[in-house]
Amino acid sequence: MKTKAAVLRGPGKDWEIEEIDLGDPIAGEVQVRLAASGLCHSDEHVRTGASPVAFYPVIGGHEGAGVVTKVGPEVSGLQEGDHVVLAFIPGCGRCRPCSRGLQNLCDEGALLLSGQSISDRSYRAQLNGEPLVPMCLLGTFAPYVTVNEASVIKIEDDIPLDKAALLGCGVSTGWGSATEIGDTRVGDTVVVVGVGGVGINAVQGAAASGARYVVAVDPVEFKRQKALELGATHAFASMEEATGPVAELTWGQNANTTILTMGEVHGDELQPALAMTAKGGQVVVTGMGDATQLEASIGLFELTLLQKRVQGAIFGGVSPRTQIPRLLELYRHGTLKLDELVTTTYKLADINIGYRDMQEGRNLRGMVVYGDDDY
């Protein structure tokens, strides 16, 4: 079939709306008509060249939800009409990480920026006869996608799809960074640095886990205010500004966990986070950095003698098949706020405006919502 898509022709270029050819599902695949797609900073990393892809052009987008419209052979547990969330990390269920319960580290994730389908290593989308790389094997900046069932999580029909889309990346990643990787416990102090589409959910997760103090750090006043509305107890504009108050709040003990969820993490930001973290505590690095940056500032003396840890996190450390249904139940019960996260909605044609708004700090999460003129 032919469909629209936001395509990136190279680093530093703007997104362009193109008509593309999308293949029908083959064995193990389904086609999904999307309702919405979140605008995540990870796609901006591809636009700037900070995240390496196999080649350009790229179809952006990796945070979406919709309805299954076609089912290929050998697919189990999915049928036409099912409501689904697309997870940016596939879970094959068979590789060594999956067999250990670590589906967020599935070996099929090696293909995320290659554009090659899990089923047969072919390219499911093309532009003028040339292959396209769909971001994270999804490419949700298009109203239709053909994806492997390993990337598809069935959900119940009562959940609004435009809200469910957020669970494909930002909500699950942020929440798990505080609750699973961060292991927040009752009475803890948690600092979240960067309160965008991921960090705001680390704030929610830490608060829901019973943290006594949840400290949000972001230079944008609007985001600090939103963090206070969604569970933060304190908010500051920078780590430098937060360091003294965090020590004072905790009688000099500092934060049990400091979570870095900025849109782009730099190597010189690790040491200030480590200095704000307690003995035996950890710095969780969730935000992405430039793939070429190999240096980071870490005080080895305090790392050893104060037994601190620096821990990476992807998809919040939890299998998408576990995390997404669990978070939907929390949404039903009012513990997890989703409606409050979407600041602005956009048409696909306005995607460059959406990313400029993100860069300028106007949104917690911007979202493309597909209308009748997109299908």
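The following legends describe close-up views of a predicted model. Residues are numbered from 1 along each chain as its sequence is written, and side-chain values use heavy atoms, without hydrogens and water. Local features need pLDDT of at least 70 and side-chain atom pairs count only at pLDDT 80 or more, whereas totals for chains, interfaces and linings use all residues.

**View A. Nonpolar cores around Leu86 and elsewhere.** A nonpolar core is a set of buried Ala, Val, Leu, Ile, Met, Phe, Trp, Tyr and Cys residues joined through side-chain atoms within 4.5 Å; buried means under 20% relative accessible area (1.4 Å probe, protein chains only). The largest such core has 81 residues, among which Leu86 and Ile324 touch the most other members. Strand β3 (residues 29-39) contributes the most to this core, with 5 residues; strands are DSSP runs of E, at least two residues, and helices are runs of H or I, at least four, numbered from the N terminus. Beyond four places in sequence, the contacts of Leu86 (heavy atoms within 4.5 Å) include Val32, Leu34, His62 and Leu138. A second, separate core of 18 residues includes Val191, Met239, Met262 and Val285.

**View B. Helix α4 and its packing partners.** In α4, 10 of 10 residues are buried, among them Trp175 and Thr179. The buried residues of α4 pack against α5 (199-208), β15 (255-260), β16 (277-285), α10 (320-332) and β19 (365-369).

**View C. Asp188 in a loop.** Asp188 lies between α4 (170-179) and β12 (189-193). Asp188 is buried without a salt bridge, defined as a side-chain nitrogen of Lys or Arg within 4 Å of a carboxyl oxygen of Asp or Glu. The nearest side chain of opposite charge, Arg185, is 5.8 Å away. Beyond four places in sequence, Asp188 is in contact with Asp183, Ala211, Arg212, Tyr213 and Asn256.

Technical notes: Buried means under 20% relative accessible area, exposed over 50%, partly exposed in between (1.4 Å probe, protein chains only). Lys and Arg count as positive and Asp and Glu as negative; His and the chain ends are not counted.
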